[in-house]
Amino acid sequence: MNRTPTFWSSAFEDMPRPDYADAIVQPLPHGASADPAEWARCIFSLSAMPFWVRAALGLRQAVVPLIGLRPSSRNTFDVTRVVGDEALIVAKDKHLDFHCAVGVDVETRLVRVVTTVTLHGWQGRVYFGPVSMAHPVVVSSMLRRARRNMVQTAAAHT
């Protein structure tokens, strides 16, 4: 019996009414890990990110001081906790709060990345305006790259 995916995410627990939210879903490759923390680490690993995403993050680090924000720390995308089948990443700053849940649903064979953002003040709006337009493309690209890496990792262990 096929189960229909349901939509719930720990990304909404502390942020039930975000200013921005998106969900990117892709098939779980056969043989790939079902560990959501492993998926989150792979998706947000700088070494695994497509070059153009790394370049965009580097540009972000250079530009944000112009609007009075500090560059991101190295541990911004570290897994905060695992809740059920999701690894949750939480980052809070003066301009926005960011939650990202990376989930693995073994039964439906899906991997999902759910992002929620609450903006704070004009700096959050100025910063996140352009980011919101690129965010789905960036996350889709990162998830595709992670899928390839997870398949290669699984093949290397067999």
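Strands E3 (86-92) and E4 (96-105) form a hairpin with three residues between them. Strands here are DSSP runs of E with at least two residues, helices are runs of H or I with at least four, and both are numbered from the N terminus. This is a predicted model, in which local features need pLDDT of at least 70 and side-chain atom pairs count only at pLDDT 80 or more, while totals for chains, interfaces and linings use all residues. Residues are numbered from 1 along each chain as its sequence is written, and side-chain values use heavy atoms, with hydrogens and water left out.

**The sheet**

- Five strands make an open sheet in the order E1-E5-E4-E3-E2, with antiparallel pairing; two strands pair if DSSP finds at least two bridges between them.
- Strand E1 (20-27) and strand E2 (81-83) are the edge strands, each pairing on one side only.
- From one strand to the next the twist averages 20 degrees; axes are lines fitted to C-alpha atoms, for helices over the stretch in contact, and angles run from 0 to 180 degrees between N-to-C directions.

**Strand E4 and its neighbours**

- Seven bridges join E3 and E4 in the antiparallel sense; Val-90 has His-99 of E4 as its bridge partner, and Leu-88 has Ala-101.
- E4 and E5 are paired over ten bridges, also antiparallel, and Val-102 stands opposite Val-113 in E5.
- The hairpin of E4 and E5 has four residues between the strands, and in it Arg-109 takes a positive phi near 60 degrees.
- Ten of the ten residues of E4 are buried, so E4 is largely enclosed by the rest of the structure; buried means under 20% relative accessible area, exposed over 50% and partly exposed in between, with a 1.4 Å probe and protein chains only.

**Helices on the sheet**

- Helix H1 lies across E2, E3, E4 and E5 and runs at about 125 degrees to E4.
- Helix H3 packs on the sheet and touches E1, E4 and E5, its direction making about 5 degrees with that of E1; contact means heavy atoms within 4.5 Å.

**The largest pocket**

- The largest pocket holds about 1400 Å³ of space; a pocket is an open set of points on a 1 Å grid over the protein atoms alone, where a 1.4 Å probe fits, with protein on both sides within 12 Å along at least five of seven lines.
- Its lining has 49 residues, and Leu-57, Arg-60, Ser-72, Phe-77 and Tyr-127 are the closest to its centre; lining residues have an atom within 4 Å of a point.
- H3 gives the most to this lining, with ten residues.

Key
Points joined across faces, edges and corners; volume = space filled by probe spheres on them.
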